[in-house]
2 protein chains.
Amino acid sequence: MDADGRQLLRLTSSATLSTTAAAPRRPSTTATNTSTASYNSSAASARLSQLSNHIPTASKISSALRYSTTTTDKMSAQAEHPTVLIPGPIEFDDAVLQAMSTPSESHVGMPFVHVFGDTLTQLRQLFITSSPDSQPLILSGSGTLGWDVVASNIIEPGDEVLVLHTGYFGDSFSDCLATYGAIPTQLGAPIGSRPSPQEIEDALKGKKYKAVTITHTDTSTGVLSDPKEVAEVVRRVSPGTLVVVDGVCSVGCEEIRFDEWGLDVVLTASQKAVGVPAGLSIMMLSGRAIEAYKSRKVPPGSYFASLKNWLPIMQNYEAKKPSYFATPSPQLVRALNTSLTQILSVPLSQRFEEHKAASKKIKDAVTSFGLKQLASEEKFQAHGMTAVWLPEGITPADILPHTAKEGVVFAGGLHKQVATKYIRIGSMGVSVTNPELGHIDKAINALKTGLVAAGYQLP
Amino acid sequence: MDADGRQLLRLTSSATLSTTAAAPRRPSTTATNTSTASYNSSAASARLSQLSNHIPTASKISSALRYSTTTTDKMSAQAEHPTVLIPGPIEFDDAVLQAMSTPSESHVGMPFVHVFGDTLTQLRQLFITSSPDSQPLILSGSGTLGWDVVASNIIEPGDEVLVLHTGYFGDSFSDCLATYGAIPTQLGAPIGSRPSPQEIEDALKGKKYKAVTITHTDTSTGVLSDPKEVAEVVRRVSPGTLVVVDGVCSVGCEEIRFDEWGLDVVLTASQKAVGVPAGLSIMMLSGRAIEAYKSRKVPPGSYFASLKNWLPIMQNYEAKKPSYFATPSPQLVRALNTSLTQILSVPLSQRFEEHKAASKKIKDAVTSFGLKQLASEEKFQAHGMTAVWLPEGITPADILPHTAKEGVVFAGGLHKQVATKYIRIGSMGVSVTNPELGHIDKAINALKTGLVAAGYQLP
């Protein structure tokens, strides 16, 4: 077995090199930062220090965790599986999945502390913020946990919050806010549309709001909001109001300029356009948001989501100091580090354009099939997903088994009022940025085949 | 590259077979349940159905994700890395790490719904409960999130809670309870000891408590509590009081009989004796605990930790029905399924005895080195970890770099009052159940070498 093992190592290494050479602008990295693996003597005296100098090097991990190619997808080394094109979880890069298999390590050991700290700093780039007052957070949990962080720390009981409602997630965020004692007021719009700047201005003039929440992409409708436009209205009409963006389906695929647009909170989840398996809640808070938390009159309303517990931990990790409140997941954080290293190796503007182009390709096909989207106008249409009205008389249950036969997973409807009348197609991450995977064409072909199989006559 | 890929596959497969053949009673499984991979037509009409019939088979995943052997550890196929022997995260089985790399899939697709449902059912076996009223939960988060579930759902604002305090985690759980409005009363004991049954009885007679909380193993001190004994006192003296066990460092390595002992909540985290990377909060609730939640006068105090949101989801998943509140992590849940399949393939009583034996080996060595444990009496000593007083004048920072040179990661102190005076050694999971890994001997040798290198003269 030793002999096999050694031979295997050589073979995997050569396979790796071939892959990398074929796609030079998409570096396949592992999360291990070898430059940070050395023993840090100043941190060693920290109360929680757990040390080691037997650190696996990047090359060793890379070689050992590289696995074989059994799929028909070009450029992928993953086991054959249906192509997941839903509004998250998305398809993952090989190196990201490999990082998920990183052997055990201490959550307060210096190798992981460095990776965690670097990953927090990477988030500053991803959210395009250079203000030292901005505070990144990475917590174990789902995107929903980010709402609890907002509602139980930055908002206080009795605070009024204006919730811009573009689908299911406006309702849920309202529920979360109310749980912690805030008073949410929803400003709605017909399905497929969004509140206008004038409506938002009127609402802001009618009442003093602690915060406005925006669902950047509501995955239940595929409706895109415009945080830049909303923030401009807020700063002009009600400058003390915080701007909170639920970017769960937008961070990593839609343009977000945290500092420039004057945003106060942007939150997301790992399994969306950030390209990492589910399990992480990811956020950026502005100095204003932190001030709102610090000046609250009552303690935070939650414990696991409490900034009192987490702020010092995040600040320590980013300063490369071991720190403990609750155990983070080294595997998920290393996977995030790997994905962000890939994402940030290409200009973000290029990434956003690629998502627009892939989305347009799908939306053009939808139109050519004689179908309409829930998002009625182009400016309301998200670039990481497409919500498609099905032909009269066809339900998701009629078409999804057929698209599945084509090897593609789409999502059914989610908006309560119309769930059986539409389907959702995701277009984020490697499925967009690595066109050699062929995922977008596969999606379009599957949709076409599925429609015909369900009895629809194409125009 | 194709040729390399194919050759690689054969080599990895043969390596796999060798490993499995050498350890027949520790089956190396993947989390993919092929029997559940078929298309379920009744569930297809569910609002959220996302379907596929191109399911990777267990053998394909197993072959494709199997990686090479580069470590000196016998029986392990993981990249060389320091042996992590802290009170969690623990060392992981190869198949568990492989499950972490499972390619993307829909969180509401039938293959994952079946795996999630099966995993919830496995928890009933792990916690030894056959009551249909018992309710398992698996949430994305850390073990700490389990406290929020208890404090914001089962306990109401103004409720009195008796916290049996055996270290750091009694303080933290008290903080969590107070956050949601409960009134915690700590019943303490000197460091290394625990409250006596008589003290608990006296406390229960003095006030009406909604719940008693027990830290089964307080990882800050290595002190073991006795939930069976405490539950007997509670049922006799104050039968309406709920018994809540923080089993973060005990579930999977200490005996816990949920029904037989009359427990109401037992909570844990994935990265401890359950043997899965960090990122999951795992719980079992009794019918009484659910009743306490259902009869509360005010809504749950949290949103992400709300049973109102999660109970229907867990019940649906276990009934193999797709359901959505917040996105679970397919990779972590599949890893948990893999680990529980391994754990439950051996009688739990045997597993508990193995942990006792490994723990005794370490504790005997500690004694032979002339050192004492924080847990003063044998019955107070946990079986998944050992907290060791260092010799006078030696701090964790003096010894841990030396033990690290031996390829072992131990943990420093955590109890605030004495953190610089002791270290902690974990002994859970594969490090215990797979003696061929040699981890326990490695720990003892590293401790000995480290003590000498730090200037201690062995007796």
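Predicted model: local features only at pLDDT ≥ 70, side-chain atom pairs only at ≥ 80, totals over all residues.
Start by selecting Phe410(B). Phe410(B) sits in the loop that runs between β12 (408-409) and β13 (422-426) of chain B. With a relative accessible area of 0%, Phe410(B) is buried, because buried means under 20%. Thr83(B) and Phe410(B) are 327 residues apart along the chain, and their C-alpha atoms are separated by 8.9 Å.

Next, turn to the aromatic rings. Rings of Phe, Tyr and Trp pair if their centres lie within 6.5 Å, and by this rule there are 26 aromatic pairs over all chains. Select Tyr303(A) and Phe325(A), which form an edge-to-face pair at 5.4 Å centre to centre, with 65° between the planes. Tyr303(A) is in the loop between α11 (287-294) and α12 (307-318) of chain A, while Phe325(A) is in the loop between α12 and α13 (330-343), 22 residues apart. Tyr303(A) and Phe325(A) are both buried.

Move to chain B and select Trp147(B) with Phe173(B). The ring centres of Trp147(B) and Phe173(B) are 5.1 Å apart and the planes are at 10°, so this pair is stacked. Trp147(B) belongs to helix α6 (residues 144-154) and Phe173(B) to helix α7 (residues 168-179) of chain B, so the pair ties together parts 26 residues apart in sequence. Both Trp147(B) and Phe173(B) are buried.

Last, select a cluster joined by ring pairs. From chain A, take Trp147(A), Tyr168(A), Phe169(A) and Phe173(A).

Conventions
Residues numbered from 1 in each chain as written. Chains lettered and ligands numbered in written order. Heavy atoms only, no water. Helix = DSSP H or I, 4+ residues; strand = E, 2+ residues; numbered from the N terminus. Buried < 20%, exposed > 50% of the residue type's maximum accessible area, 1.4 Å probe, protein only. Phe/Tyr/Trp six-rings, centres within 6.5 Å; stacked < 30°, edge-to-face > 60°.
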